[in-house]
Amino acid sequence: QVQLVESGGGLVQAGGSLRLSCAASGLTFSSYLMGWFRQAPGKEREFVARLWPSGSSTYYADSVKGRFTISRDNAKNTVYLQMNSLKPEDTAVYYCAARRSVLGGQYDYWGQGTQVTVSS
């Protein structure tokens with residue numbers, strides 16, 4: 001059974017930092033592209049960042065580019081999202097997701113989410 005478990009969310013002041021983690025089990029982690037998404041209250045879920053299986057390629061939403069960094073440790077089956085210079089508009093539930101194909105398509109597995117709240 002595949003599980004993705006996010007952690008590291010919390011309450012932080014604007015300008016602060018948080019590091020989210022997503023621990024994966026039940027899949028060959030190093031074969032999966034990993035992504036982070038977020039969903040703010042009353043809004044649709046949106047893409048944040050993704051990282052190829054080898055870690056060689058990353059892609060970010062314009063709204064987080066230069067502030068957030070996605071990384072992975074394949075030995076620990078974990079993907080991270082370092083979030084710096086946080087803004088109130090970053091407040092959302094953050095989800096990690098895994099996708100077998102690097103070419104596109106739907107993500108295969110999703111975590112349960114972790115809440116990030118940025119106060120002004």
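Okay, let's start with a pair: K65 and D62 form a salt bridge, with the closest N and O atoms 3.1 Å apart. By salt bridge I mean a side-chain nitrogen of Lys or Arg within 4 Å of a carboxyl oxygen of Asp or Glu. K65 counts as partly exposed at 48% relative accessibility, and D62 is exposed at 66%. The cut-offs there: buried is under 20% relative accessible area, exposed is over 50%, and partly exposed is in between, using a 1.4 Å probe and protein chains only.

Quick housekeeping. This is a predicted model, so local features need pLDDT of at least 70 and side-chain atom pairs count only at pLDDT 80 or more, while totals for chains, interfaces and linings use all residues. Numbering runs from 1 along each chain as its sequence is written, and side-chain values use heavy atoms, with hydrogens and water left out.

You'll find R38 in strand β4, residues 33-39; strands here are DSSP runs of E, at least two residues, and helices are runs of H or I, at least four, all numbered from the N terminus. Is R38 buried or exposed? R38 counts as buried, because its relative accessibility is 5%.

Now its charged partners. As a general point, side chains of opposite charge can pair when their charged atoms come close. With E46, R38 makes a salt bridge at 2.5 Å, N to O, and E46 is partly exposed at 35%. With D90, the closest N and O atoms of the salt bridge are 2.9 Å apart. D90 sits in the loop between β8 (78-83) and β9 (92-99), and R38 is in β4, so this pair ties together parts that are 52 residues apart in sequence. Both D90 and R38 are buried.

What else does the R38 side chain do? There's a polar contact with the side chain of Y94 at 2.9 Å, and another with the side chain of S63 at 3.5 Å. A polar contact is a pair of N or O atoms within 3.5 Å; within protein, one must be able to donate a hydrogen and the other to accept it, and residues adjacent in sequence count only if both atoms are side-chain atoms.
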